[in-house]
Amino acid sequence: MSTRLEYLEDAKAGLDFERDLFEAEGQRVGFWTASKVGLVCPRAYQRRSAFAAAAERSTAHGWPVYLRPTGGGTVPQGPGLDNLVLAFDAPRTATIEDGYRLLTEVIKKGLGPPGDTLKAGETPGSFCDGAWNLSVRGQKVVGTAQRWRPRGSRKPRVLAHALILTLDGFAAGAAAVAGLHQDLGLGEVLQDAHTSLEAAFGLTELPVEGLAAAAAQSLAVIDQKAE
């Protein structure tokens, strides 16, 4: 279980980092951020006829495109965009909603008083919009995703991921996602649909220790339920 933010080269290294946590045994908590900017989108986008040209155009503008094995939408990665990853064995009766509830509660508790102001729900106009975003005053500050792997008689393995907009420099990333979406004929992405921990609460770095402590507490409860 990590209490350190890993500074990785790019989003590909981040995806590899998450894969390793997912394939490991037991509870795993990790934090990472990419030193170089890039976009991450679902592998299914490759089936779109315009994808190759759109990815090439994005790369030419300084935002290379990386593919992940899960669904959802496009997200930016780079400095000031931090990632929290939880990997664990879930109780056999657990649902995907339970996974999202666990992840969002970890973030709200780990952020301390600012976490009390975060609301879960869709944020229209945000990149990779979903029902389990965390927003403040109608602006998205955290996006969430999950990956589940059934394992027969064993408990399912879960990877719960959160992209946290920590620093107030996400505008270029939102614009890059908007450009890719335009080329692919996808929904509009609006810069003012987002905010950051810095802009909303004056936090200039991710409170890793608080998040790690909250994760350890929540995962201990999951372990008890999974027995």
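The protein chain carries 24 positive and 26 negative charges, whose mean positions are 7 Å apart. Lys and Arg count as positive, Asp and Glu as negative, with His and the chain ends not counted; each charge is placed at NZ of Lys, CZ of Arg, CG of Asp or CD of Glu.

## Basis of the model

This is a predicted model, in which local features need pLDDT of at least 70 and side-chain atom pairs pLDDT 80 or more, while totals for chains, interfaces and linings use all residues. Residues are numbered from 1 along each chain as its sequence is written, and side-chain values use heavy atoms, without hydrogens and water.

## Overall fold

The protein chain contains 6 helices and 10 strands, taken as DSSP runs numbered from the N terminus (H or I, at least four residues; E, at least two). Its radius of gyration over C-alpha atoms is 17 Å, close to the 17 Å that the globule rule (2.2 Å times the number of residues to the power 0.38) gives for 227 residues, so the chain is as compact as a globular protein of that length.

Of the contacts (heavy atoms within 4.5 Å) between residues at least 6 apart in sequence, 75% join residues at least 24 apart.

## Aromatic pair

Y100 and W132 are stacked, at 5.9 Å centre to centre and 10° between the planes; ring centres of Phe, Tyr and Trp (its six-membered ring) must lie within 6.5 Å, and planes under 30 degrees apart count as stacked, over 60 as edge-to-face and the rest as tilted. Y100 belongs to helix α3 (residues 96-110) and W132 to the loop between β7 (119-120) and β8 (134-136), so the pair ties together parts 32 residues apart in sequence.
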